[in-house]
Amino acid sequence: MATDMAHVELIASSLCDMASLADTPDYLCLRAMRPLLFATEQDMPKDAAGLPPVVALHLILSTVPGIIPMPYTVLGWSHAEYGLWLLAHSGQDVWSLAVWPALQRYRNEADLRQAECCQTYHEICKFGNNAFGAKS
C-alpha cells in the first residue's frame with residue numbers, strides 16, 4: 001500500500017503543481033495515512049489524528065479483521081452499498097448507525113463467550129467517543 005500511495009503522489013506531481021495540492025483535504029488525508037501503514041495497533045488511534053474521523057475509524061477497524069465485524073457486514077450490505085452510504089452520511093451518522101452497532105455486536109458476542117474484548121475495541125470506542133461523543 002505504501003508503494004501504491006507513492007505512485008499516486010508521483011502521478012499527481014506529473015499532472016499538477018504539488019504546491020497547489022498541499023492544502024487540499026484529499027491530499028492531506030493521503031499524507032496522513034502514510035505513517036499509519038507502519039503504526040502498531042496501540043499507536044494507530046493517536047497517529048490517526050490527521051485523518052477524517054470516519055477514515056480513521058475504518059482504518060483502525062481494518063487492523064483486527066475477523067475479530068470486530070466490519071459495519072457493512074453487520075448492516076448486511078455489500079462493499080459498494082456501504083461505500084455509497086458513507087458518501088451520503090455525516091460522520092456522526094456513520095458512528096451511530098454503522099460503526100457503533102458493529103462494536104455492540106462484537107461486545108455482545110464477547111459477553112456470550114465470557115471473553116474480554118480486545119484492546120482495539122476499547123481504542124475504537126475511545127476514539128469514536130472523542131470524535132463524535134455520546135456512546136460508551
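Student: Which residues line the largest pocket?

Tutor: Before that, a word on the model: it is a predicted one, where local features need pLDDT of at least 70, side-chain atom pairs count only at pLDDT 80 or more, and totals for chains, interfaces and linings use all residues. Residues are numbered from 1 along each chain as its sequence is written, and side-chain values use heavy atoms, with hydrogens and water left out.

Now your pocket: its lining is made up of V54, V55, H58, G83, L86, L87, H89, S90, G91 and V94. Two or more of the lining residues come from each of α5 (53-61), α7 (79-88) and α8 (91-112). The space inside is about 220 Å³, counted as the volume filled by probe spheres set on grid points joined across faces, edges and corners. A pocket here is an open set of points on a 1 Å grid over the protein atoms alone, where a 1.4 Å probe fits, with protein on both sides within 12 Å along at least five of seven lines; lining residues have an atom within 4 Å of a point.

Let's step back to the rest of the chain. The protein chain has 9 helices and 0 strands, where a helix is a DSSP run of H or I with at least four residues and a strand a run of E with at least two, numbered from the N terminus. Its C-alpha trace spans about 55 × 30 × 25 Å along the principal axes. Of its 136 residues, 37% are buried, meaning under 20% relative accessible area with a 1.4 Å probe, protein chains only.

Notes. Buried < 20%, exposed > 50% of the residue type's maximum accessible area, 1.4 Å probe, protein only.
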